[in-house]
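Reader: I am new to this structure. Could you show it to me and take my questions in turn?

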Amino acid sequence: ITQDWLSRAAQALAISTVNAAAIMEIDVAILDTNLPTSLLGTLIEQTNSAIALLDTSGVEKPVVARGTIGASAGVWGAGLVPLYEMFGTSLAATAIA
């Protein structure tokens, strides 16, 4: 069951990451979670392998890298920080900074 999930999750993350790279011109996507370290490492490896197989004509292939926050990663999501800084309340921006 775990291998099937890893395969499907890696494929979905690969497609999402390449689509994000096409829109936002990112070089690296950080993947972090409260998954066990070994499982996260395998997911990252499989995601990067899946990215390598995708047709990325016109888009530089992004790399998926491991984050360091862990279980709090969803709250501290790097994509949310600029939004909070620009549009959030001063309290929200202070909490993230």
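Reader: What percentage of the residues in the protein is buried?

Author: Keep in mind that this is a predicted model. The protein has 97 residues. A residue counts as buried when its relative accessible area is under 20%. By that cut-off, the buried share is 27%.

Reader: How far does helix α1 reach from its first C-alpha to its last?

Author: Helix α1 covers residues 2-24, which is 23 residues. At 1.5 Å a residue, 33 Å is expected. The span in the model is close to that, at 31 Å.

Reader: Against which elements do the buried residues of α1 pack?

Author: The buried residues of α1 include Leu-6, Ala-14, Thr-17 and Val-18. Ala-9, Ala-10, Ala-20 and Ala-21 are also among them. Their packing partners are β1 (28-31), α2 (37-53) and β2 (63-66).

Reader: Which residue just after α1 takes a positive phi?

Author: Look just past the end of α1. The phi there is about 55 degrees. The residue is Glu-25.

Reader: How far does α2 reach, and against which elements do its buried residues pack?

Author: α2 has 17 residues, with 24 Å expected at 1.5 Å a residue. Its span is close to that, at 25 Å. Its buried residues include Leu-40, Leu-43, Ile-44 and Ile-51. The buried residues of α2 pack against α1, β1 and β2.

Reader: How far from Asp-32 is the nearest side chain of opposite charge?

Author: Asp-32 is found in the loop between β1 and α2. Asp-32 is buried yet has no salt bridge. A salt bridge needs the charged atoms within 4 Å. The nearest side chain of opposite charge, Arg-66, is away by 7.1 Å.

Definitions and conventions:
Residues numbered from 1 in each chain as written. Predicted model: local features only at pLDDT ≥ 70, side-chain atom pairs only at ≥ 80, totals over all residues. Heavy atoms only, no water. Helix = DSSP H or I, 4+ residues; strand = E, 2+ residues; numbered from the N terminus. Expected span 1.5 Å × (residues − 1). Buried < 20%, exposed > 50% of the residue type's maximum accessible area, 1.4 Å probe, protein only. Contact = heavy atoms within 4.5 Å. Lys, Arg positive; Asp, Glu negative; His and termini not counted.
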